[in-house]
Amino acid sequence: MIEIRGDMDAPAEEISIKNIEFRATRPTYMEAHGVPSGGDWALQRLGAIYLDGTKGVEISGNLFTKMDSHAVFLSGYNRNTSITRNEFYSLGMSGVALWGRTVNGTNDGRNGDQPRFTLFDGNFCHQIGLFQKQSSCYFQAVSAQNTITRNVCFNLPRAAVNFNDGFGGGNEMAANVLFNTCRESSDHGAFNSWDRLPYITNVGDPNGSTRPAWNNMHHNLIVSNYAADGGCFDNDDGSSYYEMHHNFCVFGGHKGDFDGHSKYSHHTVYIYPVSYFKACFSMDIQNIPPKGYGETYSNNICILQDAGGMYLHFASVELDDPSIDVGIHMGNNSLYVPGGAESATVVGQSSQMSFADWAKAGHDTTTKANGTMPTVEEMMSWGQSILQQ
């Protein structure tokens, strides 16, 4: 419907698209696809609004509905695009998708030919992915330094927000409300990320490095219901450099998987956590990260529903592995489980022990386990307090 093109040297600048109703685009899911990066997605560079080579475009106050395509697509070089206060409803595919380019299709992203500094704020996104099930309210691949804030996303077949790779990092996701995701799929979370392919950028290091800048995920209210069994933040397949704090997560715990590292969960309320396993902290098929790349879980409230619930779970590591104390940092958490410290469990590859025995062995001695379960009103009060800090 609207296509705006420029290039990096002469971008189309300062264009506003406001207060328009977009509807009735044709299906595009059978058009030629590409694989944008190391994640699971394949998609087309197509959308009802298509931007390539722009700077300072504003898309605000619009309604996107009854469309069989992506609503908004940012392809290649786009800077400071603002997508605010729109409604995305009854879409065949995704609400907003970003897909950058690298140097000759390699893993070198220092050419800058990517969407960066995109603001996705205050949008209302629901009933999407009616035809293309690998769809999200917001998707990015080969893109960095974006801000996803104050959006309400629900009733989707897959994750509400999806990062297809760890390109560059430096993203912020804050004050969003996500629920009713993964209604037609599983092995996923309300937020999902992959990081299977390292990219060289100047974001984390001005001299160029495969190490990205940290992503900041905070003050989100997320309910991982339906089949969002990866939890609130499903940091899958190598996902690294995420700080997750001051969130209120229902049915979602801390996840480490397939050589992920450098993730920090703190000051978050986790109610009845699930991350493939019912555990506050679960490390799936991988070894313990080495020194300097550890996983941290501290100053959280974790409420386990059942007696014998898992505080800590290792699928591939024995509990006597000395690397646990090097690569896993846990402390100052408040654990609630029926039966208290003697009931909560720490589970390794072939053995388990109570949390009380784990603490006696010198691990995580500052976490306190409580057998008196909080009321619903108390849990809601804790969540409200965390989100307001």
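Me: Ala, Val, Leu, Ile, Met, Phe, Trp, Tyr, Cys and Pro count as nonpolar, Asp, Glu, Lys and Arg as charged, and the others, Gly among them, as polar. How do the residues of the lining of the largest cavity divide?

Reply: This is a predicted model, where local features need pLDDT of at least 70 and side-chain atom pairs pLDDT 80 or more, while totals for chains, interfaces and linings use all residues. Numbering runs from 1 along each chain as its sequence is written, and side-chain values use heavy atoms, with hydrogens and water left out. The lining of the largest cavity splits into five nonpolar, eight polar and two charged residues.

Me: Which residues are closest to the centre of the largest cavity?

Reply: A cavity is a set of points on a 1 Å grid over the protein atoms alone where a 1.4 Å probe fits but cannot get out, and lining residues have an atom within 4 Å of a point. The largest cavity holds about 70 Å³, the space filled by probe spheres set on points joined across faces, edges and corners. Of its 15 lining residues, the closest to the centre are Asp165, Gly166, Phe167, Asn215 and Tyr242.

Me: Which strands each supply at least two residues of the lining of the second largest cavity?

Reply: About 40 Å³ of space lies in this one, and its lining comes out as five nonpolar, four polar and one charged. Phe233, Asn235, His254 and Lys255 are among the lining residues. Going by DSSP runs of at least two residues, numbered from the N terminus, the strands supplying at least two are E26 (233-235) and E29 (254-256).

Me: Which exposed residues sit on the face of H3 turned away from its buried side?

Reply: Helix H3 (a DSSP run of H or I, at least four residues) covers residues 376-388. Its buried residues (under 20% relative accessible area, 1.4 Å probe, protein chains only) are Met379, Gly383 and Ile386. They cover an arc of only 65 degrees around the axis, going by directions to the C-beta atoms, so they lie on the same side of H3. The face turned away carries the exposed ones (over 50%): Glu377, Met380 and Gln388.

Methods. 1 Å grid on protein atoms, 1.4 Å probe; cavity = no way out; pocket = protein on both sides within 12 Å on 5 of 7 lines; lining within 4 Å. Expected span 1.5 Å × (residues − 1).
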